Amino acid sequence: MQGTVDGFSYGLVTPLVAYLMACLGGALGLRCTTRSMLVSRSWRPGWLALGSVAIGSGIWTMHFVAMMGFKVKETPIHYDRFITFASLGVAIVMVGIGVFIVGYRGATGTALMTGGAITGLGIASMHYLGMAGMRLNGQLEYNTVTVAISVVISVVAATAALWAAGQVRGFLWSVGASLIMGLAVTGMHYTGMAALSVHLHGSSAPVAGDSPASLLAPMMIGPLAFLLLAGVVVMFDPQMVMGKPVWSPAENKPGVPARELVHHTTDRNVTHHDARTPQNR
């Protein structure tokens, strides 16, 4: 028996809030990645780590906000606590690998393709691992073609976002990129949900795990608090907002235009002292 799946039980509220969460995490993560390309090598890991956690937290929060609106009419849905936590860890680690590759190798060529593929696969892995944590009186089944399309969307979105982060442009540039990234990531989520069907079991055995209200709402407090903290860091760092260094980068990095330091004299009428000795005058 097939279950009646409803991914919009709260109407457009959950998709819109999920989209905003994806945009927020993307915007903060992209600015941190851009900032890492404007600082010395010793500071770069910190900015890249902050960006990785921001993107991972944003997409994880987006996923489970959207899942708050997911219902199967014939059975209650619960979640396994460990797998739900693990999906957050997978998102942060795999996104971090991709972000660090681009942060150190530049947003061009093989590094961009590799980083984008790893980041995109991390986003997709988070989604399907989070779905595996669902507990209901039935079995989840997926359409292979639709799942493949959702993975491709995720990889393309991640690659485009990392390319945008490597352009080292102003804040509005990253805002536009994050809006597109949020749309793509949210689209990946609902494409993956479109691949889902639920085959119900005949018995009405009790469902193990925690209910969405008791598990997801408290778990989202941590990622949301982190996103708020990262937002404060962005707002109070002028270089993060402007996207331009006040000094030239200490080293040339792939994908970042090199700038030469040019020293200008402040007074054109500088008096040149005669270095000749009195005997030679």
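These are my notebook entries on a predicted model of one protein, written as I looked things up.

**Ground rules**

I number residues from 1 along each chain as its sequence is written, and my side-chain values use heavy atoms, with hydrogens and water left out. Since the model is predicted, I ask for pLDDT of at least 70 for local features and 80 or more for side-chain atom pairs, while totals for chains, interfaces and linings use all residues.

**Entry 1: the whole protein**

I began with the secondary structure and found nine helices and six strands. Helices here are DSSP runs of H or I with at least four residues, strands are runs of E with at least two, and both are numbered from the N terminus.

Next I looked up burial: 46% of the 281 residues are buried. For me, buried means under 20% relative accessible area, exposed means over 50%, and partly exposed is in between (1.4 Å probe, protein chains only).

The accessible surface comes to about 14000 Å², and carbon and sulfur atoms own 68% of that. The areas come from the Shrake-Rupley method with a 1.4 Å probe, and for residues only the protein chains shown count as cover.

I also checked contacts, meaning heavy atoms within 4.5 Å. Of those between residues at least 6 apart in sequence, 87% join residues at least 24 apart.

**Entry 2: helix α1**

How many residues of α1 are buried? I get 18 of the 24, so α1 is largely enclosed by the rest of the structure. From first C-alpha to last, α1 reaches 35 Å, close to the 34 Å expected at 1.5 Å a residue. That expected span is 1.5 Å times one less than the number of residues.

Thr14 sits in α1 and is buried, at 7% relative accessible area. I list Val65, Ala66, Met68, Gly69 and Tyr190 as touching Thr14, leaving out residues up to four places away in sequence.

Val17 is in α1 too, which covers residues 13–36. At a relative accessible area of 33%, Val17 is partly exposed. Together with Tyr10 and Val13, Val17 forms a nonpolar patch on the surface with about 270 Å² of accessible area. My patch rule takes residues with over 30% relative accessible area and no salt bridge, joining nonpolar side chains (Val, Leu, Ile, Met, Phe, Trp, Tyr) within 5 Å and like charges within 9 Å.

I find 20 of the 24 residues of α2 buried, so α2 is largely enclosed by the rest of the structure.

Is Ser52 buried or exposed? Ser52 is buried, with a relative accessible area of 3%. A polar atom of the Ser52 side chain lies 2.8 Å from the backbone oxygen of Leu48. Ser52 also touches Ile92, Val95, Gly96, Val99 and Phe100, again not counting residues up to four places away in sequence.

**Entry 3: the salt bridge**

I searched for salt bridges (a side-chain nitrogen of Lys or Arg within 4 Å of a carboxyl oxygen of Asp or Glu). The structure holds one. Asp80 pairs with Arg135, with the closest N and O atoms 4.0 Å apart. The pair links distant parts of the chain: Asp80 is in the loop between β3 (78–79) and α3 (81–105), while Arg135 is in strand β4 (residues 134–135), 55 residues apart. Asp80 counts as partly exposed at 24% relative accessibility, and Arg135 counts as partly exposed at 28%.

**Entry 4: Tyr142 in β5**

Tyr142 lies in strand β5, residues 138–142. With a relative accessible area of 32%, Tyr142 is partly exposed. Which residues does Tyr142 touch, not counting those up to four places away in sequence? I get Tyr128, Met131, Val147, Gly192, Ala195 and Leu196. Tyr142 and Ala195 are 53 residues apart in sequence, yet their C-alpha atoms are 5.1 Å apart.

Leu172, in helix α6 (residues 171–194), is exposed at 72% relative accessible area. Its C-alpha is 9.9 Å from that of Ala27, 145 residues away along the chain.

Gly222, in helix α8 (residues 221–235), is partly exposed at 42%. Gly222 and Thr61 are 161 residues apart in sequence and 9.8 Å apart in space, C-alpha to C-alpha.

Conventions: Polar contact = N/O pair within 3.5 Å; in protein donor to acceptor, adjacent residues only side chain to side chain.
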